[in-house]
Amino acid sequence: MSEPMSAAFAEAEAAYARGEVPVGAALALGGRVIAAAGNRTLELSDPTAHAEILAIRAGGAALGSQRLGACDLYVTLEPCAMCAGAISFARVRRLYFAASDPKGGAVDHGPRFFSQPTCHHAPEVYEGFREAEAAALLRRFFAERR
């Protein structure tokens with residue numbers, strides 16, 4: 001699992017360097033990264049340009065399908081409601097995330113999207129991978145902006 005999560009962290013670092021909130025995501029098929037992205041909301045002037053959405057879009061394009069049921073998504077931060085919805089609609093098999101997000105997260109916090117009866121598909125969810133590293137990167141980013 002380390003290669004896809006490392007790819008997600010590389011994307012988070014690149015987002016940080018661009019002045020974006022440092023979140024990265026990597027989509028893997030059979031343990032091989034097929035798409036990776038970092039947040040680009042500022043760069044693209046697009047509030048939907050979260051790392052997860054961009055990685056899912058690129059993965060769907062690479063596979064020629066809107067359904068990513070054999071894929072796993074690795075993210076440096078607990079997905080928000082918008083991203084959880086995209087993960088569900090894409091039918092992602094497994095979600096791995098690093099840091100929890102009590103304020104904006106929607107997997108273990110807030111709406112707990114995948115637990116709702118209206119959720120079309122709930123991936124297997126695994127959390128806490130390199131959590132301290134992800135949290136430290138986010139804290140550093142926001143401390144510099146205060």
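Which residues does D72 touch, not counting residues up to four places away in sequence? In this predicted model, they are A26, L27, A28, V92, R93, R94 and Y96. The sections below place these contacts in the wider fold.

## Overall architecture

The protein contains 5 helices and 5 strands. Along the sequence, these elements follow the pattern α-β-β-α-α-β-α-β-β-α. The radius of gyration is 14 Å, close to the 15 Å that the globule rule gives for 146 residues, so the protein is as compact as a globular protein of that length. Taken along the principal axes, the C-alpha atoms fill a box of roughly 40 × 30 × 30 Å.

Of the 146 residues, 45% are buried. The protein exposes about 6900 Å², and carbon and sulfur atoms supply 54% of that area. Among contacts between residues at least 6 apart in sequence, 57% join residues at least 24 apart.

## The sheet and its packing

The 5 strands of the open sheet are arranged in the order β2-β1-β3-β4-β5, and their pairing is mixed. Strands β2 (32-38) and β5 (124-127) form the edges, each pairing on one side only. On average, neighbouring strands are turned by 15° against each other, direction ignored.

Strand β1 pairs with β3 (residues 71-77) in the antiparallel sense, over 5 bridges. Within this pair, L27 stands opposite L73 of β3. Helix α5 (residues 131-145) packs on the sheet, where it touches β3 and β4 (94-99). The direction of α5 makes about 60° with that of β4.

## A26 in strand β1

A26 belongs to strand β1, which spans residues 24-29. Its relative accessible area is 0%, so A26 is buried, the cut-off being under 20%. Neighbours within four places in sequence aside, A26 is in contact with P4, A7, A8, V33, A35, A36, D72, L73 and Y74.

Among these partners, V33, A35 and A36 fall within the range of edge strand β2 (32-38). D72, L73 and Y74 fall within that of β3 (residues 71-77). A26 and L73 are separated by 47 residues in sequence, yet their C-alpha atoms are 5.8 Å apart in space.

## D72 in strand β3

D72 is located in strand β3. With a relative accessibility of 6%, D72 counts as buried, because this value is under 20%. A polar atom of the D72 side chain lies 3.3 Å from the backbone nitrogen of R94.

The contacts of D72 include A26, L27 and A28, which fall within strand β1 (residues 24-29). They also include R94 and Y96, which fall within the range of β4 (94-99). V92 and R93 are among the other residues that D72 touches.

## Positive phi values in two loops

Most residues other than glycine have a negative phi. R112 has a positive value, with phi near 45°. This arginine lies in the loop between β4 and β5. R112 is partly exposed, because its relative accessible area of 44% falls between the limits of 20% and 50%.

R130 also has a positive phi, near 60°. R130 is found in the loop between β5 and α5.

Technical notes: Residues are numbered from 1 along each chain as its sequence is written. This is a predicted model: local features need pLDDT of at least 70, side-chain atom pairs count only at pLDDT 80 or more; totals for chains, interfaces and linings use all residues. Side-chain values use heavy atoms; hydrogens and water are left out. Helices (H or I, at least four residues) and strands (E, at least two) are DSSP runs, numbered from the N terminus. Buried means under 20% relative accessible area, exposed over 50%, partly exposed in between (1.4 Å probe, protein chains only). Contact means heavy atoms within 4.5 Å. Two strands pair if DSSP finds at least two bridges between them. Axes are lines fitted to C-alpha atoms, for helices over the stretch in contact, and angles run from 0 to 180 degrees between N-to-C directions. A polar contact is a pair of N or O atoms within 3.5 Å; within protein, one must be able to donate a hydrogen and the other to accept it, and residues adjacent in sequence count only if both atoms are side-chain atoms. The radius of gyration is taken over C-alpha atoms; the globule rule is 2.2 Å times the number of residues to the power 0.38. Accessible areas come from the Shrake-Rupley method with a 1.4 Å probe; for residues, only the protein chains shown count as cover.
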